[in-house]
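Here's a quick briefing to read alongside the model. It goes through charged pairs first, then a sheet, then a helix pair.

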Amino acid sequence: MMVAAEEPEAFHVVISDLPHSSAFTGNHRRFDTGNNAKKDFLMSKLSTSHVFTSESVSEGHPDKVCDQISDAILDACLAVDDNSHVGCETLVATDFVVNAGEISCEGWAEINPEALAREVVKDIGYVHEDIGFCYKSFEYSNHLHRQSADIAMGVNTDEATQKEQGAGDQGMMFGYACDDTPQLMPAPLQYSHDLLIELARIRKAGEISYLRPDSKSQVSILYENGKPSKITTVVISHQTEDLPLEQIRKDMIEVAQKVLAPTGLLTGDTTYHVNPTGRFVIGGPHGDSGLTGRKIIVDSYGGVGSHGGGAFSGKDPTKVDRSAAYYSRYAAKNIVAAGLARKCEIQVAYAIGVAQPMSINVCTYGTGTVDDAKLQQVLEESGLFDFRPAQIMAELNLATPQGWCYRDTSNYGHFGRDLFPWEKTDKADALRQAVGQ
């Protein structure tokens with residue numbers, strides 16, 4: 001921490017000296033110490049010229065294979081018992097899949113987790129037995145068991161006490177939104193997702209026949225005056241058949257330019273790196289083992305917004321790691337959609353078994369049209385948002401998804417796609433009215 005001695009009424013903070021989450025302590029923003037604090041307490045990404053980079057990974061990435069299997073099992077549980085409590089982990093390696101964790105589900109006898117795992121792996125595209133991981137041949141091991149009664153007593157409630165259902169765990173969660181893109185998502189992450197979504201479509205349609213399921217993308221963007229100015233670098237690493245790099249590079253650059261041209265940020269100086277090691281044939285769980293929950297930054301905001309550390313996939317919505325992160329995004333996105341800030345980050349914290357959050361914080365990093373404390377007050381007192389777990393689940397219909405499923409969330413980010421209810425901006429008008437705008 002550095003203090004500007006020439007201005008005793010307010011001090012300046014060097015953000016790089018602090019953990020990302022240090023913006024929030026207790027019930028108030030820690031560093032709001034004077035008239036200049038709001039202006040000075042800005043992440044470098046908002047106030048200086050700099051390049052920011054985010055990555056995405058495809059549905060065939062080993063960790064994403066795990067996320068999809070875990071969420072497919074969650075979906076199956078909720079389909080037969082919308083009061084299911086699920087904490088399902090998956091591990092994959094060379095032709096090997098393990099499930100472990102805790103599940104309480106009244107219809108569990110109807111569910112075949114091995115069949116679900118094979119279906120997911122097949123859908124992803126691991127259908128060739130000669131690449132070290134295939135839906136037909138992998139060994140499967142099941143170590144799922146019933147949820148601990150000590151944990152369940154904090155969240156199990158009857159109809160009469162449903163409004164005070166407790167949080168499924170302690171911890172802090174973050175939601176973020178910004179005006180970089182129409183999705184109100186950070187541009188480097190959104191464009192990284194867009195690349196892999198198109199490459200997956202191309203692979204599954206057979207338009208580029210040599211593509212295999214595992215891939216990663218990375219986009220670097222120059223920010224000037226707080227806005228994306230140009231794309232400086234694009235990285236695509238894609239598992240393929242054993243072909244000359246020149247052909248792969250040509251095809252991947254063509255796809256990248258097609259996907260990113262509408263942004264208006266490509267230039268003649270944009271650098272492209274395609275399979276930079278020179279060869280990417282061994283991939284998927286045969287190349288690297290995978291685990292559920294290891295891509296939490298890809299899942300959220302690409303390193304721009306904060307993250308509380310809890311993974312999403314494989315967890316039912318009583319677990320606030322997931323549901324409160326979704327709801328915090330909902331609130332932050334509505335604040336930005338309302339024009340009350342260009343950037344908004346919300347932190348909420350819980351204790352296990354307790355319904356009311358320990359704290360709710362709002363930070364707009366100097367881009368707000370009203371004071372952050374006023375936005376916090378609106379979230380806490382206006383009745384527009386209710387951060388109690390049961391109310392989050394009811395408002396977003398998280399126990400009985402309609403038109404989406406949890407497996408849908410497990411690829412290409414949990415945020416930024418309109419099919420999810422937490423992406424609605426239906427409270428923007430009410431927020432403007434609540435703050436007097």
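Let's start with two buried residues, Lys 64 and Asp 299. Their side chains meet in a salt bridge, with N and O 2.5 Å apart. Keep in mind that this is a predicted model.

**Salt bridges across the chain**

- The structure holds 27 salt bridges, and the Lys 64–Asp 299 pair is one of them.
- Lys 64 sits in helix H3 and Asp 299 in helix H9, so this pair ties together parts of the chain that are 235 residues apart in sequence.
- Asp 63 makes a salt bridge too, with Arg 294, and the closest N and O atoms are 3.0 Å apart.
- That pair links distant parts of the chain, 231 residues apart: Asp 63 belongs to helix H3 (residues 62-80), while Arg 294 is in the loop between strand E11 (290-291) and helix H9 (296-299).
- Is Asp 63 buried or exposed? Its relative accessibility is 2%, so Asp 63 counts as buried.
- Asp 179 counts as partly exposed at 24% relative accessibility, and Arg 342 is partly exposed at 26%.

**The E7-E12-E13 sheet**

- Three strands make an open sheet in the order E7-E12-E13, with antiparallel pairing.
- Which strands stand at the edges? They are E7 and E13 (359-363); each has a single partner strand, so one side of each is left without a neighbour in the sheet.
- On average, neighbouring strands of this sheet are turned by 15° against each other, direction ignored.
- E7 and E12 pair over 8 bridges, and Cys 178 has Lys 343 in E12 as its bridge partner.
- E12 and E13 are joined by 5 bridges; among the facing residues, Ala 349 stands opposite Ser 359 in E13, and Gln 347 has Asn 361 as its bridge partner in E13.
- E12 is mostly covered, with 8 of its 8 residues buried.
- In a regular strand, side chains alternate between the two faces of the sheet.
- In E12, Lys 343, Glu 345, Gln 347 and Ala 349 point one way, and Cys 344, Ile 346, Val 348 and Tyr 350 point the other way; all are buried.

**Helices H6 and H7**

- How do H6 and H7 cross, and at roughly what angle? The axes of H6 and helix H7 (residues 245-260) come within 10 Å and cross at roughly 125°.
- That makes H6 oblique to H7, and the crossing is right-handed.
- From H6, the contact uses Tyr 191, Asp 194, Leu 195, Glu 198, Leu 199, Arg 201 and Ile 202.
- From H7, the contact uses Met 252, Val 255, Ala 256, Lys 258, Val 259 and Leu 260.
- Some of these contact residues, including Glu 198, Arg 201 and Lys 258, turn up again in a network of salt bridges that links Glu 198, Arg 201, Glu 207 and Lys 258.

Definitions and conventions: Residues numbered from 1 in each chain as written. Predicted model: local features only at pLDDT ≥ 70, side-chain atom pairs only at ≥ 80, totals over all residues. Heavy atoms only, no water. Salt bridge = Lys/Arg side-chain N within 4 Å of Asp/Glu carboxyl O. Helix = DSSP H or I, 4+ residues; strand = E, 2+ residues; numbered from the N terminus. Buried < 20%, exposed > 50% of the residue type's maximum accessible area, 1.4 Å probe, protein only. Pairing = 2+ DSSP bridges. Axes fitted to C-alpha atoms, helices over the stretch in contact; angles between N-to-C directions. Parallel < 35°, antiparallel > 145°, perpendicular 65-115°, else oblique. Left-handed = near helix turned anticlockwise from the far one by under 90°. Contact = heavy atoms within 4.5 Å.
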